[in-house]
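Reader: I would like a close look at one kind of side-chain pairing here. Please take me through the salt bridges, pair by pair, with the numbers.

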Amino acid sequence: MGLRARWRDLRERTRPVHPETARALRERWAALPAHVQTPAQSLGRHAVGCEGTHGVFPKCNLTCTPCYHSADANKVRVDGGHTLGEVTRQMAYLRERRGPYAHAQLIGGEVSLLAPDDHAAALQAMRDAGRSPMSMTHGDFDPEYLRALVTGPDGTLRFDRVSFAAHVDSLMRGRRGAVRPRSEAELDPFRERFVQMFRDLRAETGLRYYLAHNMTVTPANVGQVAETVREVIGMGYSMMSFQPAAHVGDERRWKESYTAVDADAVWAELERGMGQPIAHQGVEFGDPRCNRVAFGFLLDGRWHPFVDPGVPAEIAARDAFFAHYGGIAFSNTPPALLLVKVLRAAHHHPGDLRTALRWAHSLLRRAGGLRRLVRGARSGALGLMTFEVHSFMDAADVGPAWELMQQGVQADDPRIRATQERLAACTYSMSHPETGQLVPACAQHSVLDPVENAGLRKLLPLTPV
């Protein structure tokens with residue numbers, strides 16, 4: 001390669017925003033309902049949204065009340081070849097539609113029912129499509145499974161970093177050692193054990209990881225959220241996500257009314273557990289009726305937001321970030337390459353340096369100063385922490401709303417129209433290359449999963465015929 005060609009290649013690789021990413025962000029922003037096109041909105045400005053797989057391994061070995069899977073889900077055989085083929089197909093379409101980078105979840109039933117090699121192959125297929133994959137699990141698997149997943153036959157790491165989300169709550173039945181838990185506190189040792197598996201492997205192999213903790217919330221356990229937060233916050237997770245239950249999936253597992261628990265109730269319990277307000281208004285992710293997200297960090301047990309909505313200097317920094325750096329892929333970009341991308345973007349906006357310094361000064365003042373931050377980092381008392389409440393919608397509303405959306409019709413019923421607005425602003429999409437659609441997760445679970453899983457029963461019967 002000649003010098004001129006090398007220079008062109010370097011300029012292309014250090015381009016701040018990939019042209020396909022810029023196109024995908026513009027399309028996502030234009031498709032958002034007007035009420036979510038706010039200055040705080042990250043969807044369409046920094047993120048195209050999260051992605052998930054479907055129909056790849058619907059079977060699960062736990063039973064939960066509620067369960068979002070259709071009644072046919074556990075009648076489908078787990079098949080590694082099917083999983084890999086479907087994941088590859090779905091990710092290719094997401095790459096085509098949403099650009100070269102996004103976060104994606106390897107989700108279905110229980111991911112650890114896949115053989116470790118099949119699980120690893122699926123993660124690699126997602127990476128090959130430019131996705132940053134996260135494996136969604138109930139966490140009830142052994143260290144030997146994790147080791148076989150992340151290391152090859154020669155013992156070397158297959159991946160430099162993995163992401164897992166462990167869903168652990170007292171509504172789940174069948175966990176080894178806690179078949180029918182009577183409280184959330186009973187599950188704390190299992191939450192700790194999950195993190196310890198990754199700590200041990202990191203000490204041995206250098207594996208880096210990101211761990212999230214998920215929890216379904218109903219009237220039965222909403223009063224235990226605060227205590228769960230107090231216990232989990234120091235375990236080593238980097239995200240705590242709560243999902244108020246919705247009437248979706250297998251009706252046999254709906255044991256109570258879930259309408260009594262909403263995002264406000266869960267957030268109040270989160271704040272009670274942390275003993276402080278958790279500011280979420282600085283950054284939005286989709287429709288606030290669906291998602292409430294607070295990005296920040298823990299320092300000596302206290303949480304600090306990256307953007308305090310009450311501080312003008314921090315709001316100004318947020319606005320500059322979205323306007324000038326929002327399309328840069330900050331995750332999974334090598335540090336040196338990321339630095340060059342940021343510097344190239346900053347070159348065109350020299351005033352951003354002053355804005356960034358004012359933001360840093362404000363944040364450090366809130367956190368107690370640079371010396372305290374450094375001391376916390378050295379002692380292990382500093383770490384990222386994102387809080388989220390993600391509210392799914394009832395199938396009874398999603399079904400008619402989605403049907404009308406396919407016809408291009410806006411509902412007259414205010415409740416169904418609100419559901420349509422939320423679906424249009426959905427942050428979590430499933431890929432359907434066969435129809436040319438990106439389907440919101442609520443529509444996938446409420447409308448498409450039952451038909452899809454009925455078909456998979458014939459394609460992948462539990463007893464091959």
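Author: Asp160 forms a salt bridge with Arg127. Their closest N and O atoms lie 3.7 Å apart. That falls inside the cut-off, because a salt bridge needs a Lys or Arg side-chain nitrogen within 4 Å of a carboxyl oxygen of Asp or Glu. The pair links distant parts of the chain, 33 residues apart. Asp160 sits in the loop between helix 5 (143–150) and strand 5 (161–167). Arg127 belongs to helix 4 (residues 116–128). How accessible are the two partners? Asp160 has a relative accessibility of 46%, so this residue counts as partly exposed. Arg127 has 29% and also counts as partly exposed. Keep in mind that this is a predicted model.

Now take Arg95 and Glu20. This salt bridge has its closest N and O atoms 2.6 Å apart. Again the pair links distant parts of the chain. Arg95 is in helix 3 (residues 80–98), while Glu20 is in helix 2 (residues 19–31). The two are 75 residues apart. Arg95 is partly exposed, at a relative accessible area of 26%. Glu20 is partly exposed too, with 27% relative accessibility.

Next come Arg318 and Asp319. Their side chains meet in a salt bridge, at 2.9 Å from N to O. Asp319 is partly exposed, because its relative accessible area is 29%, which lies between the 20% and 50% limits.

One more residue deserves a stop: Ile315. Ile315 is found in helix 9 (residues 312–324). Its relative accessibility is 19%, so Ile315 counts as buried. What does Ile315 touch, leaving aside neighbours within four places in sequence? Its contacts are Val307, Asp308 and Pro309.

Some of them join in a network: Glu51, Arg98 and Arg131 are linked by salt bridges. And the overall tally? A search of the whole structure finds 27 salt bridges. Among them are Asp160 with Arg127, Arg95 with Glu20, and Arg318 with Asp319.

Methods. Residues numbered from 1 in each chain as written. Predicted model: local features only at pLDDT ≥ 70, side-chain atom pairs only at ≥ 80, totals over all residues. Heavy atoms only, no water. Helix = DSSP H or I, 4+ residues; strand = E, 2+ residues; numbered from the N terminus. Buried < 20%, exposed > 50% of the residue type's maximum accessible area, 1.4 Å probe, protein only. Contact = heavy atoms within 4.5 Å.
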